[in-house]
Each structure stands twice: as C-alpha cells, then as structure tokens.
Amino acid sequence: MKNAEAVWTIVDEKSPAFFDLSDRIWDMPEINYEEVRSSAEHLRLLEAEGFRTERTVAGIPTAIMGEAGEGGPVIAILGEYDALPGLSQQSGVAEPCPVIPGGHGHGCGHNLLGSGSMLAVAAVKDYLAANGLKGRVRYYGCPAEEGGSSKGFMVRASVFDDVDIAICWHPAAFTGVNNPVSLACSEMNFHFSGRASHAASTPHLGRSALDAVELMNVGVNFLREHMPITARIHYAIIDAGGSAPNVVQANATVRYLVRAKTLPELLALVARVKRVAEGAAWMTETTMRQEIISGDANLMGNEPLEDCMHAQLERLGPAIFSDEDKATARKFQATFSPEDIASSYARFHVKPKNDEPLCDLIVPLYAGDTSIVGSTDVGSVSWVVPTVQMRGATYAIGTPGHSWQLVAQGKLPAAHKGMAHAAKAMAATAVELFLNPALVEAAKADLQGRLDGNPFINPIPDDVMPPIPAQAHD
Ligand SMILES: [Zn+2]
C-alpha cells in the first residue's frame, strides 16, 4: 500500500507538465508515420526528465524510446500519439465544428495515451531512484497505431527482446483491466490489371480490372456465411480505375482488412480471401497482385499481470470527476443515440445507469467476453513479452470511437483526470513488479504456457516495410 501511495504522489506532482504535453499533441494532430512534431515533443520531455533516449527505433523516424535505472528487470510502458484523418474538431464544443475543415483530429485519444504512459514511466523512474531499487523502466513512443502496426514492425526488429514486461492503457468510457482479447488482423491491397479499351466501339477487346474488383467483393460477401462467426472482413475500393464510364478500366485496387480471433484463423481466412481474388482475376482475364500492408496479432492475455493490475485499480478506486465534469459530459451525451449509450455499457458488461455520464467504478476482472473490439498492434507485442493493458475512463459513456465527440473531449479536465488515474495504476503495477521478482517469473511462465504448440507468426511478412512518408525522414 505504502509503495503504491508513494508512486501515486509522484504522479500527482508531475502531472501538470504531462497534461501540457497531451494538450500540445492534441493541438498538432499527425497521422500514421507522420508524427514528426508529436514524437519530437515526447523526446523533449523525456530528455528534460533525464531519460537516456533513442530515436528512429526499428528504423522508424517517429518511434522513440526513453530509459532510466540500472540492471534488471526491464519494464516497458507503451505510448502512442497518432491521430485520425478527417476528424478535426474544436475542444469542448458539443456540436460538429472543425478547427480545420477536413483536418486531422485525435479521435482515439492517443494524445492522452502517450502522455499518460510517459507520466507513469517518469513516476516509476523517480520511485526507483528514491528507493535505491535495481531495474530499468522504459517508455516506448510507438507511432501509427491506426492501421500502421508500428509495434508489429518493432517486434520484427527485435526491439522488445530484452524487455521483461510490457504495460499499456487506452482511453475509454470505463476503467478496468482489458479482457485479453482483440482480433488478429491483416490489411492488404489487391491490385487488378486488365486492358483498356473503348467501352462502346471495342468492348470485346477490353478486360476490366474494375469488374474484377466488383466480382471479388461479391465473392467475399458470399464467403462471409462460411467463416468463423467472430471473424470480420471490411473493404474499400481505393482505386476504381478512373472516372470515365466509356473506358474499360485497366487498373483497379481494393483494400481489404481481414480480422479473426486467433493468428491461425487469420492466416487461413486471408488465404481464402486471396483465392476469391484469384477467381475474380480468372473470370475477368485480368491479373491480380496481393500486397500486404500491415497486420496485428490478437492480444495474448496474462493472468498474473491482469490480477496484479486489477489489484492496483481496486486500491486506487475509480477516478474522481467533479460535478462540472459530469455536466460537460452530459452535454456530449445529448448528442449520442440511446443505442450508443446502451452499447457502451454492454461492451464493458456494466449494468446501465441513467444518471452517470462518466465512469464511477472499476469494471470487475473478466466481466465478460469482449472479443469483438477490433484489433491493436499491442497484440503482436503480447506474444513476445508478457503484456497487460487497461482502459481508463477519460470521456462520456456512450462516446462513439473515432468520432468528433471523442476529439472534443480530449483536452477537458475529465480527460486529464482519467489520464493521471491510468498513470497511477500503471506506475503502481510496475512498482509491484520491481518489488516482486516472483511475479515477473510467473508472468513469463504464463506466456510460455500459452505459446506451447501455438508459436508466434508475425502477420507482417519480412519483406513488407512501414509506409514512411518522405517528409518523416530527417
Ligand atoms: Zn486507439
């Protein structure tokens, strides 16, 4: 108890600088692998805090690392700072109102995610120093979580090989340790090439790549009936060939995102989707090229770590929100549908309350199956390092993911309180692990047990490179 309280106090003392960092990152939304200013801001604060830093981790210009302490074990807390396109929105305004029309916005709360994780790491650093404890604590600033799978590339580059435990969090409507399930996923382009022709005078000479894309989509839509119920397939036509209907389109591309509960299920389903694409190419006498872009493993659980983190949350109790925080959250709730709010409670297996706009509890451990939550690149880390992740309440219950309402709540006092709260829970978990080597060993044994007969296959093939834009290189 004393140890936890000591590190909570350090979090409180350090919070203001990290709230400022989070707000600055919110003000400069940068997307997938373009987080040049955001990662530089993180690096600056790491250096001001006295961390040994590393930049261009795994060859990715916007991936950074900060380390403090000596000897082992090595405990890493993971952060993110990427935004989403098209979600620009003014802070605190409960109606759609972009700062820049069409601009980016922090629609997943990663401004809080990175700053909160670094706050936890900074508090643990001071705690280790004050108590003369052995061990290293690291902050990993990981870019491009939104479809960029940077952590998967970092895993492939052996970045986490000497890390004993990984901890992280995500902003959410409710506070609790994550049920250890997310879907494995693979994102890929299918490029079709045919032959252009005049669509009226010589249609018989044309071979339409756009037809191939359409037939592939029809085929995959029939495939849905015969795939595991927890799998998901989404697609977007990113190149329809052109805008002239009187041309037989020679080139067209469709992007697929395939998700499944486990890595073996994912790889099998991707192979089936590829066969449908091959069939579409046969039917249209076009050629097809598959290009894998990114991929995440499903999140591997770790019972000793989940028990430990949940115990820290129980000691800490829920974040305390003021009446003013609640009044603001209610303004946002007025923009949600009743279904948005009901589905938020259902997803977290919490009994609905009508009058609570912000989370006032700790969700019980393993409250229910929450496997249909999408994917995260933390998944790939969790197969190579024992990993635990929590959700921390930072916004109104019912806030849709990736929405303008989520962006608008990212700088509010409630968001700061939720962020500091999550930092306390993560820091206390790390301290517990530094003080209790047997727990680190138990976490490693748990992961080994799960990997028995179930080896890790990185869904990112060796020849796929992260799509780093030219301006991100110095
Ligand atoms: Zn996110």
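These entries record what I looked up in a predicted model.

**Basis.** I number residues from 1 along each chain as its sequence is written, and side-chain values use heavy atoms, with hydrogens and water left out. In this predicted model, local features need pLDDT of at least 70 and side-chain atom pairs pLDDT 80 or more, while totals for chains, interfaces and linings use all residues.

**Zinc site.** I looked up the donors (N, O and S atoms within 2.8 Å of the metal, or 3.2 Å for Na, K and Ca; water is not among the atoms, so sites may look incomplete). Cys108 (SG), His110 (NE2) and His170 (NE2) coordinate the zinc ion at 2.1 to 2.3 Å. Their spacing along the chain is C-x1-H-x59-H. His110 is in helix H3 (residues 110-130) and His170 in strand S5 (residues 165-172), 60 residues apart, so the pair links distant parts of the chain. Helices (H or I, at least four residues) and strands (E, at least two) are DSSP runs, numbered from the N terminus. I find both His110 and His170 buried, that is, under 20% relative accessible area, where exposed is over 50% and partly exposed lies in between (1.4 Å probe, protein chains only).

**Ser322.** I place Ser322 in the loop between helix H7 (303-316) and helix H8 (323-333). Ser322 counts as partly exposed because its relative accessibility is 28%.
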